[in-house]
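Hello,

Here is the structure I said I would pass on. My notes on it follow below.

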Amino acid sequence: MPESLAITKISDLANPTRFLGLAARILPFMAGITAILFAIGLYLTFASKGDYQQGMTVRIMYVHVPAAWLSMMCYSVMAISAIGTLVWRHPLADVSHKTAAPIGAAFTLIALATGSLWGRPMWGTWWVWDARLTSVFVLFLMYLGLIALNRAMDDPSRAARVSAVLILIGFVNIPIIKFSVDWWNTLHQPASVIRMGGPTIDKEFLWPLLIMAIAFTLLFFTLHIAAMRNEIWRRRVSAQRRMAARMAGRTLAKEA
Amino acid sequence: MTHTFYISASYIVAAIVILCLIGWVWLDGRARQKELAELEASGIRRRSARPAPTDGASS
């Protein structure tokens with residue numbers, strides 16, 4: 001039956017051992033392509049001319065905008081994984097959302113820091129509590145909360161279920177971040193790339209931005225797969241240590 | 001402060017955070033691999049990694 005064949009294939013991919021084999025094969029290629037894309041993106045970034053209004057500070061856009069996109073995409077990946085944990089109890093789903101949280105926090109930190117460094121010369125202030133900035137700051141706090149929650153609970157499967165519920169509740173913040181510049185009057189500019197009617201940004205700035213965005217996205221997936229592999233190894237180490245402790249206990253009981 | 005300061009600071013902050021992230025993932029992977037190798041060296045293996053019985057007896 002084709003349907004049962006498809007289910008078998010999906011089950012095969014859900015196997016952590018198969019995932020480790022796949023990760024070992026694809027990680028070197030992903031890391032190589034990421035490095036090449038960053039080299040091209042950074043060359044185009046520093047070869048581009050300044051904006052007629054912002055001057056050379058437009059170059060901050062090439063790190064700020066991809067980091068901001070990634071901060072939201074990472075949370076979306078976590079939300080999909082959370083569904084995998086709660087609905088299908090996918091073996092890799094809880095590993096996925098646990099390991100994505102620190103990476104998402106790092107990209108959100110880059111977006112907040114570079115946004116502040118861009119805001120000072122352009123807006124005349126490091127920070128304002130407008131809808132876009134505040135909602136991204138809330139996202140950063142949510143990432144930190146999820147990292148803390150995962151570290152606070154000893155049982156990984158229980159921590160995964162609690163985290164998954166919180167991730168899905170927190171997902172409401174993602175459309176708020178995206179549409180905050182349309183729904184409220186903010187100091188932050190409205191969308192100029194992903195918008196109805198196409199990008200309003202000039203092609204000279206758009207191409208380096210897109211290449212940097214692809215490089216950041218590939219960096220995220222490379223780090224995420226590597227972190228998932230590390231988490232599977234961590235769980236195997238603790239399982240094997242428990243097994244060793246049980247074996248030692250049985251030996252001691254026999255001797256007594 | 002000049003615009004060059006803000007641009008340089010942005011790229012330096014991004015580079016530091018990304019390098020810390022890469023370093024953390026890499027070092028964590030190495031530490032876990034070392035732990036698994038130590039466990040294997042002391043004879044503790046996962047059930048699926050143990051050699052199968054050769055005489056046909058079920059375990």
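Two residues are in contact if their C-beta atoms, placed from the backbone, lie within 7 Å; a residue is buried if 20 or more other C-beta atoms lie within 10 Å of its own, exposed if 12 or fewer, and partly exposed in between. Helices (H or I, at least four residues) and strands (E, at least two) are DSSP runs, numbered from the N terminus.

This is a predicted model: local features need pLDDT of at least 70, side-chain atom pairs count only at pLDDT 80 or more, and totals for chains, interfaces and linings use all residues. Residues are numbered from 1 along each chain as its sequence is written, and chains are lettered from A and ligands numbered from 1 in the order in which they are written.

Which residues of H6(A) are buried? They are Ala160(A), Ser163(A), Ala164(A), Ile167(A) and Gly170(A). They lie on the same side of H6(A) because they cover an arc of only 130 degrees around the axis (taken from the directions from the helix axis to the C-beta atoms). On the other side, Arg158(A), Val165(A) and Ile169(A) are exposed.

As for the two chains, 30 residues of chain A are in contact with 21 residues of chain B. H8(A) gives the most to that side of chain A, with twelve residues.

Chain B has one helix and zero strands, and 10% of its 59 residues count as buried.

Regards
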